[in-house]
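Please look through this model with me before we discuss it. My notes follow as numbered points.

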Amino acid sequence: MVRAVLFDLDGTLVDTAPDLGDALNAMLARRGLPVLPAQAIRGQASHGSQGLIRLAFGVAETDSGFAELRREFLDHYGAHLANRSTLFPGMADLLAVLEQRDIAWGVVTNKPARYTEPLLERLGLFARAACVVSGDTCSRAKPDPAPMRHACRRLGLVPEACLYVGDAERDIQAARAVAMPVLVALYGYISHADCPENWGGDGFIRQPGDLLDYPGLAP
């Protein structure tokens with residue numbers, strides 16, 4: 001039986017793409033460049049500031065100028081990180097059902113704590129989460145398994161008693177590395193170039209409520 005469900009944050013638990021997109025488009029507009037459509041941004045939102053800056057400016061992390069662009073992006077995003085971010089449709093009901101069944105839930109994300117924690121606070125989720133593991137909680141982030149192991153220690157559970165849900169290949173890799181069951185959130189930030197059917201997950205969900213059909217979560 002599943003005793004805890006762990007969620008990736010961006011693109012799985014919370015729809016953060018609107019605020020991430022606003023920060024990116026503000027940078028483009030400031031330079032007199034055309035803004036990007038929401039759908040283009042959503043496909044890269046799970047890849048963090050690196051993926052978004054590469055999308056907008058064609059600049060990779062190793063290129064000169066990247067650090068300055070990233071700093072500008074994060075400053076804007078940090079000041080507006082909960083303006084338009086919301087739980088995905090059906091997620092509030094799912095969390096309520098998990099709590100009613102005494103199934104703990106938490107977050108394991110690559111988002112740094114300085115953004116993760118205020119965002120969850122603003123959404124009224126931080127105090128409800130059994131654990132929150134951010135991208136800088138451990139010395140290495142996903143796909144390294146260290147954050148998953150840390151979450152299990154915080155919960156006092158073995159990985160096999162937890163279920164992870166994510167929308168990026170690194171989520172599946174991190175869960176697989178500790179033998180934790182893992183589902184792919186197809187409603188998340190998956191681009192046309194992604195092949196989630198090849199990631200090796202244990203299944204797919206097309207909306208948050210589908211999670212309740214997982215055998216280990218049966219009432």
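1. Start with helix α3. In this predicted model, Ser-49, Gly-51, Leu-52, Ile-53, Ala-56 and Phe-57 of α3 are buried. What covers them? The cover over the buried residues of α3 includes α1, α2 and α4. Keep the general rule in mind: an α-helix has 3.6 residues a turn, so residues three or four places apart point the same way.

2. Now take Arg-54, which also lies in helix α3. Is Arg-54 buried, or partly exposed? Its relative accessibility is 42%, so Arg-54 counts as partly exposed. Leaving aside residues up to four places away in sequence, Arg-54 touches Gln-44 and Val-59. Arg-54 and Phe-66 are 12 residues apart in sequence. Their C-alpha atoms are 8.9 Å apart in space.

3. Look just past the end of α3. There, Gly-58 takes a positive phi of about 65 degrees.

4. Next, the largest pocket. Its volume is about 480 Å³. The lining has 23 residues. Nearest the centre of this pocket lie His-47, Gly-48, Ser-49, Gln-50 and Asn-110. Two elements give two or more residues to the lining: α3 (48-57) and α4 (66-79). Which of the elements gives the most to the lining? It is α3, with 5 residues. By class, the lining of the largest pocket has 7 nonpolar, 8 polar and 8 charged residues.

5. The second largest pocket has a volume of about 190 Å³. Its lining includes Gln-39, Ala-40, Arg-42, Gly-43 and Gln-44. Leu-55 also lines this pocket. The lining of the second largest pocket divides into 4 nonpolar, 6 polar and 1 charged.

6. Turn to the core. In soluble globular proteins, nonpolar side chains tend to be buried together. Here the largest nonpolar core has 49 residues. Phe-7 and Leu-13 have the most contacts inside it. Helix α1 (residues 17-30) gives the most to this core, with 6 residues. A second, separate core has 21 residues, and includes Leu-6, Val-108, Cys-152 and Val-178. What does Leu-13 touch? Not counting residues up to four places away in sequence, the contacts of Leu-13 include Phe-7, Asp-8, Leu-87, Phe-88 and Met-91. Leu-95, Trp-105, Val-107, Leu-120 and Leu-125 are also among them.

7. How many disulfides does the structure hold? It holds 0. A disulfide needs the two sulfur atoms within 2.5 Å. For Cys-138, the closest cysteine sulfur is in Cys-131, 11 Å away, so this pair is too far for a bond as well. Cys-162 counts as buried, at 0% relative accessibility. Cys-138 also counts as buried, at 15%.

8. Check Asp-102. Phi of Asp-102 is near 60 degrees, a positive value in a residue other than glycine. Where is Asp-102? Its place is in the loop between α5 (91-100) and β4 (104-108). Asp-102 is exposed, with a relative accessible area of 70%.

9. Ala-179 is found in the loop between α8 (169-177) and β7 (182-185). At 44% relative accessibility, Ala-179 counts as partly exposed.

10. Last, a peptide bond. Most peptide bonds are trans. The bond that joins Lys-142 and Pro-143 is cis, with omega about 15 degrees. Pro-143 lies in the loop between β5 (132-133) and α7 (146-155).

Note on methods:
Residues are numbered from 1 along each chain as its sequence is written. This is a predicted model: local features need pLDDT of at least 70, side-chain atom pairs count only at pLDDT 80 or more; totals for chains, interfaces and linings use all residues. Side-chain values use heavy atoms; hydrogens and water are left out. A nonpolar core is a set of buried Ala, Val, Leu, Ile, Met, Phe, Trp, Tyr and Cys residues joined through side-chain atoms within 4.5 Å. Buried means under 20% relative accessible area, exposed over 50%, partly exposed in between (1.4 Å probe, protein chains only). Helices (H or I, at least four residues) and strands (E, at least two) are DSSP runs, numbered from the N terminus. Contact means heavy atoms within 4.5 Å. On a 1 Å grid over the protein atoms alone, a cavity is a set of points where a 1.4 Å probe fits but cannot get out, and a pocket is an open set with protein on both sides within 12 Å along at least five of seven lines; lining residues have an atom within 4 Å of a point. Grid points are joined across faces, edges and corners, and a volume is the space filled by probe spheres set on the points. Ala, Val, Leu, Ile, Met, Phe, Trp, Tyr, Cys and Pro count as nonpolar, Asp, Glu, Lys and Arg as charged, and the others, Gly among them, as polar.
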